[in-house]
Amino acid sequence: MKALRNWRFANRSGSGFALEVEGRHRLVVKVLEHDLIRVCLLKNGDYRLNRTWAIAPAGDVPWEGRPRDDVSGFTCPDFNLKETDRKIVLETDRLRLTVETPLALVWEARAQADAPFHEVARDRPQDAYMIGRRDHRKHHFMRRHPDERFYGLGEKTGRLERSGRRYEMRNLDAMGYDARTTDPLYKHVPFTITDRGDLGAFGIYYDTMAPCWFDLGNEKDNYHPSFRAFRADDGDLDYYFSWAPTILDITRRQHWLTGGTAFMPRWGFGYSGSTMAYTDSENAQERLMEFIGKLSDEDMPCDSFQMSSGYTAIKGKRYVFHWNTDRFPDVEAMSEAYRQAGIHLIANIKPVLLEDHPLRDEAEAKGLFIRDSETGAPENSPFWDGYGSHLDFTNPDTVAWWQKNLKDQLFAKGIASTWNDNNEYEVWDDEAVCSGFGDPVPVNLIRPLHSQLMTRASYDAQWENQPDRRPYLISRCASPGTQRYAQTWTGDNYTSWETLRWNIPMGLGLSLSGFYNIGHDVGGFAGPRPDLELFLRWVQNGIFHPRFTIHSWNDDGTANEAWMYPEITSLVREALKLRAQLIPYLYALLFEAVTRGEPMLRPLFLDHPDDPACREAEFDFLLGKNLLVATVVEEGAKIRRITLPANPEGWWAFDGSQWFAGGQVIEVPVTMETIPLFVRGGTVLPMAAPNLRAAPSLDRKRTWRIYPQPTGTPARSSIGYDDDGETVDALSGAHCLTQFTLSNEGEGVSLHWQRSGNWQPAFDSISLWQAGSDPLKINDMVHVPGTRIPFQKPEAN
């Protein structure tokens, strides 16, 4: 490695400036927004990879990638620049960047243009930047301060606050991982948030898909003050520095920078059944048909079923796009039965063709695989009890082949949605050659890109197959940008109480990193069958995550099913029906995620940054801004300690029986029936009936649950959002958006509401339910001409 120390000013451009470093390299700085600056170090003045697939502030990127120097979608505001012999100072309305000698950057920020700047971050004063002399390694070191808190990095185990640990980004199929310690995992999210308290927060996104490491206080070196480190095996050192007063603002910025969240269909919030045991059975179709009947017998809500890869399996091996017709003798009849039942089928697909795959010769003849760096033959990697070759999704011919097989083998058989799985691309020939859309690239530079492009290929194919409906997809592996296409989850977790607990901060870490639509395998995927208590507590927790799937591959061959323990089936049913009732709220959260960049899952401190207790609440979280979830995650628990964030509105028990002041920790007695759930005062919570399906046509009863704030506290706003559940132009007006404002000024609770949009929901009246006993006053403010909604008598709480 070589430390970069000496520099000279090279030139100013319309959006920034460039330095010549050590006489041969270039450091380029670009002002993208007043609070967002890009820094790029170019070895020998050239990009290692001159394209990005993550940065998408104004819509999706081209299939072949977006040029890294493209500034479309950014405002690129004016800035001031001062130069001396040993220092450069760049200043925007919000950020001041100083380049010092030896090469190091100092970052200062301010909340408004006329306020003084305060230092928020700086590079390590010595050897802040290093590059490989004979390879393409890149290192970046920054000062680390005792008062800093670190968040982000996507799907990582252990505490949500990342200080003191070292993390690796290298996609692996980590089945049965330890949710407290295992690293690396499935996803590649090189993004950190640093909380500086009163100084605000800053985000750093390293736009690389090469393997990389973050050290956030684990490493020490006597020759340097406390530091944090970023190290990459390969690629460019290209990072985006953002500053904001709050962590929430940084999360929103990252979400916007990488293209936002896919607007999935409403039915994606319903319970999704799944298990390896069904499709790996020799009578698999019969078992899937029994599932429909069992749902009816048990009166269980359900909207989809995720078909594991056993439908493609012969003697344990998985052959994507190849049906095992012994297990599934009449696929079309089965898919039609599911359609008639209102349950969507989602098929597992994998991007590797084993050596004896029936389509292997065809794919090899077309040149669809990543190629071995020495022989030029298809690369060969371990995969599912054999060896196989990974499809190259940077080859347009591969994309077309993939989409044709989706059409012929799934869509034509009545299965319209895809589960993009086992797409971590464990190709360890680092120089294996990818087509790169005509500009070959070694796989080590773009390994997680293949999972993203695989998912995008499936997404586009689903659009083409059903152009009037929004696609639904899931993907296990992901990197920033994948959330533009698919829902994701925390992979193949292990069945244990530890996993139930520690999956919660894993999900919150994803959410803080811009991945809002996520969940976990409820009941645990790998390992022993969950016992009765663990299974029930996992279900009671899982219903409050955007993706709610009970999935399993139990050691004893059993399946995790909603009715697996008759003793608690009634309690599981209650939980599933509560989930069905919450779908209007969840759908409104998706609307806010898509249109406003609001996270769906939120650590308590995100909305209550000044409450110290919220920093320590690892296993309590907010669903949206208004629901506080504190489900039971300890075996044999008799009480649940719950942190109620400090705010003037306080918190209501969900059943409306008791109001609690914020800023305290309470203890709630719990039994097996208990689901501790609290609602922030000032909230209007839209809820459906406990419908068996999420289809809006069946949503004929709507209740507004009103949770008043104390007299004299500020009015609060919330929304309800409805559309037909899948139309592509819903956001253009084919929806019903309800804006609520709830206040309490001493003469009773006052509800103001207003509707917009041109879609009429199936419900034509609304039931009002109020927590507490104060009188309710309705101010009818419907502004849709000719439309009025009658109110039914308030229900007792």
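## Close-up views of a predicted model

**View 1. A128, a buried residue in a loop.** At 0% relative accessibility, A128 counts as buried. The model shown here and in the other views is predicted. A128 belongs to the loop that runs between strand 12 (118-122) and strand 13 (129-131). Apart from neighbours within four places in sequence, the residues in contact with A128 are L103, D123, H139, H140 and F141. R339 is 211 residues from A128 along the chain, and the C-alpha atoms of the two are separated by 59 Å.

**View 2. A229 in strand 20.** A229 is placed in strand 20, which covers residues 227-232. With a relative accessible area of 5%, A229 is buried, since buried means under 20%. Its contacts, leaving aside neighbours within four places in sequence, are H140, F141, W213, F214 and D215. H140 and F141 are also among the contacts of A128. From A229 to F369 the separation is 140 residues in sequence and 35 Å in space, C-alpha to C-alpha.

**View 3. The aromatic pair Y206 and F214.** The structure holds 39 aromatic pairs. In the pair formed by Y206 and F214, the ring centres are 5.8 Å apart and the planes stand at 65°, so the pair is edge-to-face; the cut-off for that class is over 60 degrees. Y206 is buried, with a relative accessible area of 3%. F214 is buried as well, with a relative accessible area of 2%. F214 is also one of the residues in contact with A229.

**View 4. The aromatic pair F321 and W402.** The rings of F321 and W402 have centres 4.9 Å apart and planes at 70°, so this pair is edge-to-face. The pair links distant parts of the chain, its two members being 81 residues apart. F321 is in the loop between strand 25 (317-318) and helix 4 (331-340), while W402 is in helix 6 (residues 396-409). Both F321 and W402 are buried.

**View 5. An aromatic cluster, and two arginines over rings.** One aromatic cluster is formed by F263, F269, Y587, F591 and Y721. Two further details concern arginine and phenylalanine. R615 lies over the face of F605, and the distance from the ring centre is 4.6 Å. R705 lies over the face of F654, at 4.3 Å from the ring centre.

**View 6. The surroundings of K187.** K187 is found in the loop that joins strand 16 (166-169) to strand 17 (191-195). This lysine is buried, with a relative accessible area of 3%. A polar atom of the K187 side chain lies 2.9 Å from the backbone oxygen of R476. The K187 side chain also makes a polar contact with the side chain of T488, at 3.4 Å. Leaving aside neighbours within four places in sequence, K187 is in contact with E155, M169, N171, R476, C477, A478, T488, W489, T490 and L510.

**View 7. Helix 3 and its packing partners.** Helix 3 (residues 284-298) has 15 residues. From its first C-alpha to its last, helix 3 reaches 21 Å, close to the 21 Å expected at 1.5 Å a residue. The buried residues in helix 3 are A284, Q285, L288, F291, I292, L295 and E298. They pack against strand 22 (272-274), helix 2 (276-279), strand 23 (304-307), helix 4 and helix 10 (569-596). Just after helix 3, D299 takes a positive phi of about 55°.

**View 8. The whole protein, for orientation.** There are 12 helices and 54 strands in the protein. The radius of gyration is 27 Å, close to the 28 Å that the globule rule gives for 797 residues, so the protein is as compact as a globular protein of that length. Taken along the principal axes, the box filled by the C-alpha atoms is roughly 75 × 70 × 55 Å. Of the 797 residues, 64% count as buried. Among contacts with a separation of 6 or more, 69% are between residues 24 or more positions apart.

Definitions and conventions: Residues are numbered from 1 along each chain as its sequence is written. This is a predicted model: local features need pLDDT of at least 70, side-chain atom pairs count only at pLDDT 80 or more; totals for chains, interfaces and linings use all residues. Side-chain values use heavy atoms; hydrogens and water are left out. Helices (H or I, at least four residues) and strands (E, at least two) are DSSP runs, numbered from the N terminus. Buried means under 20% relative accessible area, exposed over 50%, partly exposed in between (1.4 Å probe, protein chains only). A polar contact is a pair of N or O atoms within 3.5 Å; within protein, one must be able to donate a hydrogen and the other to accept it, and residues adjacent in sequence count only if both atoms are side-chain atoms. Contact means heavy atoms within 4.5 Å. Rings of Phe, Tyr and Trp (its six-membered ring) pair if their centres lie within 6.5 Å; planes under 30 degrees apart count as stacked, over 60 as edge-to-face and the rest as tilted. A charge sits over a ring if NZ of Lys or CZ of Arg is within 6 Å of the ring centre and within 35 degrees of the ring normal. The expected span of a helix is 1.5 Å times one less than its number of residues. The radius of gyration is taken over C-alpha atoms; the globule rule is 2.2 Å times the number of residues to the power 0.38.
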